[in-house]
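Here is a short report on one protein chain. Read it with the model in view.

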Amino acid sequence: MMRKAISFLCNPALAVKIFILPLALLAGWLIPGFAHWYYGQRSKALIFFAIALICSILGIIIADFRFIRFSDNPFYYFGQFGSGLTWLLVTLLTSEAPRRLISMSYFEIGMLYVCVAGILNLVILLNLYSQLTARKPPATENQALTEQPPKTETDPPPENIGEVSPEANNQTVQ
């Protein structure tokens with residue numbers, strides 16, 4: 001146990017990796033796609049940010065800028081937490097409008113969009129986490145035996161390339 005603690009303190013790269021990954025994931029939760037941006041996957045980050053933001057904004061507009069309460073739908077209520085900063089802003093800026101001002105069918109569609117955006121953001125974070133923590137499987141003996149070493153310039157060229165044997169010419173198709 002003490003050896004692991006000492007190796008952790010002596011290896012700053014390991015310490016940075018252990019502390020940076022959770023911070024990047026937290027930032028990715030707040031701003032969808034930010035963690036991908038941080039790790040250099042810029043195109044993925046922009047696509048994820050655009051999809052999650054558009055889905056959240058459409059849901060908020062359709063829901064008439066209302067916060068989703070637990071009594072409205074428990075699933076959607078917890079699903080919206082994945083939206084991060086969007087969820088925080090909606091919670092702080094929206095007012096509790098009376099329920100009779102908007103049709104409930106539109107409000108449910110808006111709740112669905114916001115919930116999907118939240119769950120999508122969590123899936124995006126899981127995608128990045130799995131990419132960063134994935135380990136390559138060790139090579140098996142069969143793979144090591146079947147792999148051919150790369151050819152070098154000193155290898156002699158194969159003989160009889162392009163020549164056809166006389167027996168091959170004499171064969172007939174039956």
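Accessible areas come from the Shrake-Rupley method with a 1.4 Å probe, and for residues only the protein chains shown count as cover. The accessible surface of this protein comes to about 13,100 Å². Carbon and sulfur atoms hold 67% of that surface.

This is a predicted model, in which local features need pLDDT of at least 70 and side-chain atom pairs count only at pLDDT 80 or more, while totals for chains, interfaces and linings use all residues. Residues are numbered from 1 along each chain as its sequence is written, and side-chain values use heavy atoms, with hydrogens and water left out.

## Overall build

The protein has 9 helices and 0 strands. Helices (H or I, at least four residues) and strands (E, at least two) are DSSP runs, numbered from the N terminus. Along the sequence the pattern reads α-α-α-α-α-α-α-α-α.

How many of the 174 residues count as buried? The share is 26%. Buried means under 20% relative accessible area, exposed means over 50%, and partly exposed lies in between (1.4 Å probe, protein chains only).

Contact means heavy atoms within 4.5 Å. Take the contacts between residues at least 6 apart in sequence: 73% of them join residues at least 24 apart.

## Nonpolar cores

A nonpolar core is a set of buried Ala, Val, Leu, Ile, Met, Phe, Trp, Tyr and Cys residues joined through side-chain atoms within 4.5 Å. The largest one has 9 residues: Ile60, Ala63, Ile68, Tyr76, Val90, Phe107, Met111, Val114 and Cys115. Helix H7 (residues 104-133) gives the most to this core, with 4 residues. Another core lies apart from it and has 6 residues, including Leu21, Leu25, Leu125 and Leu128.

Tyr76 belongs to the largest core. Beyond four places in sequence, Tyr76 touches Ile68, Glu108, Met111, Leu112 and Cys115.

Gln80 sits in the loop between helix H5 (74-79) and H6. Is Gln80 buried or exposed? Its relative accessibility is 2%, so Gln80 counts as buried. Leaving aside neighbours within four places in sequence, Gln80 is in contact with Phe67, Ile68, Trp87, Val114 and Cys115.

Gly28 is found in helix H2 (residues 12-30). Its relative accessible area is 0%, so Gly28 is buried. Setting aside residues within four places in sequence, its contacts are Gly33, Phe34, Ala35, Asn121 and Leu125.

Gly59 has its place in helix H4. Gly59 is buried too, because its relative accessible area is 0%. Not counting residues up to four places away, Gly59 touches Gly110, Tyr113 and Val114.

Leu122 lies in helix H7. With a relative accessible area of 39%, Leu122 is partly exposed. Leu122 touches Trp29 and Gly82, again not counting residues up to four places away in sequence.

The table lists the pairs.

| Pair | Apart in sequence | C-alpha to C-alpha |
|---|---|---|
| Gly28 and Ile124 | 96 residues | 8.6 Å |
| Leu122 and Trp29 | 93 residues | 7.2 Å |
| Gly59 and Ala117 | 58 residues | 8.6 Å |

## Aromatic pairs

The structure holds 7 aromatic pairs. Rings of Phe, Tyr and Trp (its six-membered ring) pair if their centres lie within 6.5 Å; planes under 30 degrees apart count as stacked, over 60 as edge-to-face and the rest as tilted.

The ring centres of Phe75 and Tyr76 are 5.9 Å apart, and their planes meet at 55°, so this pair is tilted. Phe75 counts as exposed, at 54% relative accessibility. Tyr76 is buried, at 15% relative accessible area. For Tyr77 and Phe78 the centres are 5.3 Å apart and the planes are at 75°, so that pair is edge-to-face. Ring pairs also link Phe70, Tyr77, Phe78 and Phe81 into a cluster.

## A nonpolar patch

Patches are made of residues with over 30% relative accessible area and no salt bridge: like charges are joined within 9 Å, nonpolar side chains (Val, Leu, Ile, Met, Phe, Trp, Tyr) within 5 Å. A salt bridge is a side-chain nitrogen of Lys or Arg within 4 Å of a carboxyl oxygen of Asp or Glu.

One nonpolar surface patch covers about 1,100 Å², and its residues include Ile31, Phe34, Trp37, Tyr38, Leu46 and Leu85. Helix H3 (34-38), helix H4 (42-62) and helix H6 (85-93) each give two or more residues to the patch. Which element gives the largest share? H6 does, with 5 residues.

Trp37 is in helix H3. At 35% relative accessibility, Trp37 counts as partly exposed.
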